[in-house]
Amino acid sequence: GMRNALNYALLRDVGRLASRRPVLLKCGIGTTLDEFLCAADHILCGGNSNVILCLRGTIGISRESRASLNVADIPALRQRTHLPIVVDPSHVAGTRELVPAIAASAVVAGADGLLVEVHHDPDGALCDGRQCLTPEHFRAMMHRLRLLAGVMGRSFAASTGLARHDEMHPFADLCLEAPPSRPLRAKRDAAQEIARPEIGAA
């Protein structure tokens, strides 16, 4: 979690004990990019190369959102690391109405994936219901993001083919999956990785 972004002892243990599992490292709300990359290095040095960087906003001046996403951090990180970068627009926004716009800005800035919270009954959710999209809103957002990605010369990764276990997994065909160029095996319901164009792909 975000609170452990600078817990170096824990991060080293994660790298050592979970060397074959993908690790999603969330950037702390007041963490600098240097500190964020240093935290990732502790996991890598522990022996785990399957690290995914997750941006979820920093302290902002607006009361309309929970945090502020500095989209410049995405290309800045891209210049400094080979690790995949995902954005969590749900926690940045704090309210579901802002999620699609923040997700779109992340796509344009070059994020490799999105971490989006979806709930069939957001108002009845036990936690963070205000920032959850309904399945219908999620589908509509993904349709628009596909069009936007096409304009940018990008595309979404192919379906993982993950089996649907129950009605709580309506987006099993939209799971996070790394393209062949990245040695990752991460999957998450209601999320999908955005693949970079073949030209200039890292």
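**Reading the model**

Analyst: Among contacts (heavy atoms within 4.5 Å) in the protein chain between residues at least 6 apart in sequence, 66% join residues at least 24 apart. This is a predicted model, in which local features need pLDDT of at least 70 and side-chain atom pairs count only at pLDDT 80 or more, while totals for chains, interfaces and linings use all residues. Residues are numbered from 1 along each chain as its sequence is written, and side-chain values use heavy atoms, with hydrogens and water left out.

User: How many helices and strands does the protein chain have, and what pattern do they follow along the sequence?

Analyst: Helices (H or I, at least four residues) and strands (E, at least two) are DSSP runs, numbered from the N terminus. The protein chain has six helices and six strands, and their pattern along the sequence reads α-β-α-β-α-β-α-α-β-α-β-β. Of the 202 residues in the protein chain, 46% are buried, where buried means under 20% relative accessible area, exposed over 50%, and partly exposed in between (1.4 Å probe, protein chains only).

User: How should I read the packing of α5 and α6, and at what angle do their axes cross?

Analyst: Two packed helices are described by the angle between their axes and the distance between the axes. Axes are lines fitted to C-alpha atoms, for helices over the stretch in contact, and angles run from 0 to 180 degrees between N-to-C directions. Here the axes of α5 (residues 99–109) and α6 (residues 135–151) come within 10 Å and cross at roughly 25°, so α5 and α6 are roughly parallel to each other; angles under 35 degrees count as roughly parallel, over 145 as roughly antiparallel, 65 to 115 as roughly perpendicular and the rest as oblique. The crossing of α5 and α6 is right-handed, a term used if the near helix is turned clockwise from the far one by less than a right angle. On the α5 side the contact is made by Val99, Pro100, Ala103, Ala104, Val107 and Val108, and on the α6 side by Met141, Arg144, Leu145, Leu148 and Ala149. By class this contact of α5 with α6 has 10 nonpolar, no polar and one charged residues, with Ala, Val, Leu, Ile, Met, Phe, Trp, Tyr, Cys and Pro counted as nonpolar, Asp, Glu, Lys and Arg as charged, and the others, Gly among them, as polar.

User: Which residues of α5 are buried, and what follows α5?

Analyst: The buried residues of α5 are Val99, Ile102, Ala103, Ala104, Ala106 and Val107. Glycine 110 follows α5 and has a positive phi, near 105°.

User: How are α2 and α3 oriented to each other?

Analyst: The axes of α2 (residues 33–45) and α3 (residues 73–80) come within 11 Å and cross at roughly 50°, and α2 and α3 are therefore oblique to each other. Their contact is made by Leu33, Asp34, Phe36 and Leu37 of α2 together with Asp73, Ala76, Leu77 and Arg80 of α3; these divide into five nonpolar, no polar and three charged residues.

User: How many disulfides does the structure hold?

Analyst: A disulfide is a covalent bond between the sulfur atoms of two cysteines, identified here as a pair of cysteine sulfur atoms within 2.5 Å. The structure holds zero disulfides. For cysteine 27, the nearest cysteine sulfur, that of cysteine 54, is 8.9 Å away, and cysteine 27 counts as buried at 5% relative accessibility.
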